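Keep the structure in view while reading.

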Amino acid sequence: MNTLTNEERVVEALYWWGIPTFFRCEHTQDYTNTDIGLVGVPHSTGNGTTERDQHLGPRSVRHVSAYARRVHNDFQFSPWDACNIHDLGDVPFPEGNDNEKCIDRIYNFFKKLDDAGVNPVSIGGDHSITGGVVKAIAGADAKLSDGKKVAFLHFDAHTDTFQNLDHFMGAKRSAAHWGAYLVQDGHVDAHKSVQIGIRGHTRTLDWLQSSYDLGYDVITKKEFDKIGLESACERIKKRMDGEPIYITFDLDCLDPSIAPAVSNLEPGCQGFYVDTAVELIRSLKGQNVIGGDVVCLMPTMDGPKNLTSQVASYIAFEIMCLIAWNKHNK
Ligand SMILES: [Mn+2]
């Protein structure tokens with residue numbers, strides 16, 4: 001595919017050179033030679049707040065992520081040499097304003113990846129996309145999870161486990177519902193899952209009850225600050241040890257100073273800084289991570305240098321490296 005000379009290849013490190021794909025990976029729709037598939041999920045109608053534009057996330061990460069095509073210094077390996085990583089394009093949304101039909105489209109797209117044994121790392125899109133993705137790759141019918149439910153490592157300022165509302169501003173499988181129905185429908189084992197980073201003042205005092213009722217372990221940001229990084233990593237590892245794992249990363253768990261371009265900002269208290277989030281992800285090194293997503297990026301609200309998109313690239317890189325690391329060591 002690459003026709004550049006060795007001398008010319010220096011331009012590949014420049015994000016603004018060439019045709020933008022995720023991490024400058026080859027774009028293909030042929031899954032047969034793909035180990036890890038990078039997928040854009042440009043979907044906004046699962047979050048009916050006024051803050052939309054999350055469908056612009058994949059394009060924005062494609063714009064900057066060639067810069068993040070790096071080796072992994074902590075793991076001392078190159079994911080790009082370890083396995084075949086391709087940009088599989090975007091999920092098509094001809095019914096873009098109909099959330100339920102879009103979730104079906106996402107499911108159908110990712111079912112094909114599951115059938116082909118391709119591990120997906122997705123860029124959203126609002127958080128409702130996780131519902132379609134995980135329904136396809138986890139649970140009794142899924143190949144990637146070996147017929148098992150997945151354990152979630154769910155980063156977020158919010159629980160997204162609504163059970164008391166039939167719909168959120170018209171969307172049933174909305175960005176606020178997926179964390180509940182994936183458990184109820186048999187795709188996620190909440191008793192092996194952790195929600196981390198939940199923070200801020202909420203509208204009601206029983207805001208965590210729905211997560212507890214479903215069986216999640218919740219590490220709020222406040223509790224995290226008390227117990228510290230090491231003990232949080234231990235708790236995560238212990239809870240999901242040996243299970244198929246899916247990492248879903250809402251960028252709003254990060255501090256607004258490093259991730260201002262998110263849809264539901266929680267500026268009332270500090271979020272994670274990037275080192276902390278990265279170390280929490282790395283706590284799953286060597287575990288059976290089968291996929292992940294980075295969601296809620298809203299590029300139209302970003303600051304200079306597309307900071308939030310750049311951070312999103314690096315978070316996706318870390319998730320991807322967990323999957324690539326296992327293939328590297330096979
Ligand atoms: Mn959130």
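This is a predicted model: local features need pLDDT of at least 70, side-chain atom pairs count only at pLDDT 80 or more; totals for chains, interfaces and linings use all residues.

Which residue in strand 6 is the bridge partner of I198? The partner is T220.

**Strands 5 and 6**
- Strand 5 covers residues 194-198 and strand 6 covers residues 217-220; four bridges pair them in the parallel sense.

- An open sheet is formed by eight strands with parallel pairing, and their order is 2-1-3-8-7-4-5-6.
- Strand 2 (85-90) and strand 6 each have a single partner strand, so they stand at the edges and one side of each lacks a neighbour in the sheet.
- On average, neighbouring strands of this sheet are turned by 15° against each other, with direction ignored.
- Within the sheet, strand 3 (residues 119-124) pairs with strand 8 (residues 289-295) in the parallel sense over three bridges.
- V294 in strand 8 stands opposite I123.

**Helices 1 and 10**
- Two packed helices are described by the angle between their axes and the distance between the axes.
- For helix 1 (residues 57-64) and helix 10 (residues 307-328), the axes come within 9 Å and cross at roughly 80°.
- Angles of 65 to 115 degrees count as roughly perpendicular, and helix 1 and helix 10 are therefore roughly perpendicular to each other.
- At their contact, S60, V61, H63 and V64 of helix 1 meet S309, Q310, A312 and S313 of helix 10.
- By class, this contact of helix 1 with helix 10 has five polar, three nonpolar and no charged residues.

Note on methods: Residues are numbered from 1 along each chain as its sequence is written. Two strands pair if DSSP finds at least two bridges between them. Helices (H or I, at least four residues) and strands (E, at least two) are DSSP runs, numbered from the N terminus. Axes are lines fitted to C-alpha atoms, for helices over the stretch in contact, and angles run from 0 to 180 degrees between N-to-C directions. Angles under 35 degrees count as roughly parallel, over 145 as roughly antiparallel, 65 to 115 as roughly perpendicular and the rest as oblique. Two residues are in contact if their C-beta atoms, placed from the backbone, lie within 7 Å. Ala, Val, Leu, Ile, Met, Phe, Trp, Tyr, Cys and Pro count as nonpolar, Asp, Glu, Lys and Arg as charged, and the others, Gly among them, as polar.
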